[in-house]
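Work through the exercises below with the structure in view. Try each task before reading its solution.

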Amino acid sequence: MCVTCGCSDNAKAIVTDLDSGKVVTVSTDNHSHNHEHDHHHTHDHDHSHEHHSHDHDHDHSHDHSPAHTHAGMHDTTISLEAEILAKNDLLAERNRGWFDGRNILALNLVSSPGSGKTTLLERTITDLKASLPINVIEGDQETINDAARIKSTGCRVVQINTGTGCHLEADMLARGVKELNPPMDSVVMIENVGNLVCPALFDLGEKCKVAILSVTEGEDKPIKYPHMFRAAEVMILNKIDLLPYVNFNIEDCIGYARTVNPGIKIFQVSATTGDGMDDWYDWLQQQVQQNRINEAIV
């Protein structure tokens, strides 16, 4: 799937609709090429000794040094990576157009494993279900455990299992959304695979990325993984109820985040106790309202 991270080229994503039980396999072989080679060559060579001289000059200098070989492989890798990302970006734009055409706010939730993404989603859905229709695409390598948790809130959810893959891609999302079939004027929350590296590179067609960081992680995560926090429009600092029990400096964390992304919006919350969640909800409602205004203008 991905030259960037080295996850399996032959990985296949599995899309599961928890309501219907329907399971669909999505091929994620981004490296396949359909080259047409004409192997019916006509060789018009005269092999007589009179015309086929073997007096060759063998004084050729070929640089087969390890450095030369490595440079060639590096160039090929860069070219292949650019091709993969370009294909993904094209599909992402199609997804974005689909969302825009239906006035759907799509958010890509990204984080390390264990940051509390699913708990945050459960709380958000439960608290806003009366005023905001939310549907979810769940991304994990294996199991439907998190999707089952989301389904228990009464929310419509589709699970995408990436197998050996470490991130969602635009074609996976397109198939997941087809199964989800979210209504117009709604919100689609995409819970990406727990990983702060590759999801930064792969656009899914979302309105923006929301990076979730918990206080049980290091406060220097934003400068350790600057590409992700630079790509994110929002950072949610979760599990603040645990601050008395962990060694975590909020001011340093916020400073690091603003170093890599001065305009990033930051919310300090506890998805468990509900502290700070109202600010996050207000922002969500504002984004939905802005979507409606933009749709009315168009």
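**Exercise 1: a serine and its surroundings**

In this predicted model, a polar contact of 2.6 Å links the side chain of S214 to the side chain of T216. Find the strand that holds S214, decide whether S214 is buried or exposed, and list its contacts beyond four places in sequence.

Solution.
1. Strand β7 covers residues 208-214, and S214 lies in this strand.
2. The relative accessibility of S214 is 0%. Buried means under 20% relative accessible area, so S214 counts as buried.
3. With neighbours within four places in sequence set aside, S214 is in contact with G114, S115, L237, N238, K239 and F248.

**Exercise 2: cysteines**

State how many disulfides are counted, and classify C155 and C208 as buried or exposed.

Solution.
1. A disulfide is a covalent bond between the sulfur atoms of two cysteines.
2. With a cut-off of 2.5 Å between cysteine sulfur atoms, the count is zero disulfides.
3. C155 has a relative accessible area of 6%, so C155 is buried.
4. C208 counts as buried because its relative accessibility is 6%.

**Exercise 3: the whole chain**

Describe the protein chain by its helices and strands, its buried share, its contacts and its surface.

Solution.
1. The protein chain contains eight helices and nine strands.
2. It has 298 residues, of which 45% count as buried.
3. Among contacts with a separation of 6 or more, 72% are between residues 24 or more positions apart.
4. The accessible surface is about 15,700 Å², and carbon and sulfur atoms account for 50% of that surface.

Technical notes:
Residues are numbered from 1 along each chain as its sequence is written. This is a predicted model: local features need pLDDT of at least 70, side-chain atom pairs count only at pLDDT 80 or more; totals for chains, interfaces and linings use all residues. Side-chain values use heavy atoms; hydrogens and water are left out. Helices (H or I, at least four residues) and strands (E, at least two) are DSSP runs, numbered from the N terminus. Buried means under 20% relative accessible area, exposed over 50%, partly exposed in between (1.4 Å probe, protein chains only). Contact means heavy atoms within 4.5 Å. Accessible areas come from the Shrake-Rupley method with a 1.4 Å probe; for residues, only the protein chains shown count as cover. A polar contact is a pair of N or O atoms within 3.5 Å; within protein, one must be able to donate a hydrogen and the other to accept it, and residues adjacent in sequence count only if both atoms are side-chain atoms.
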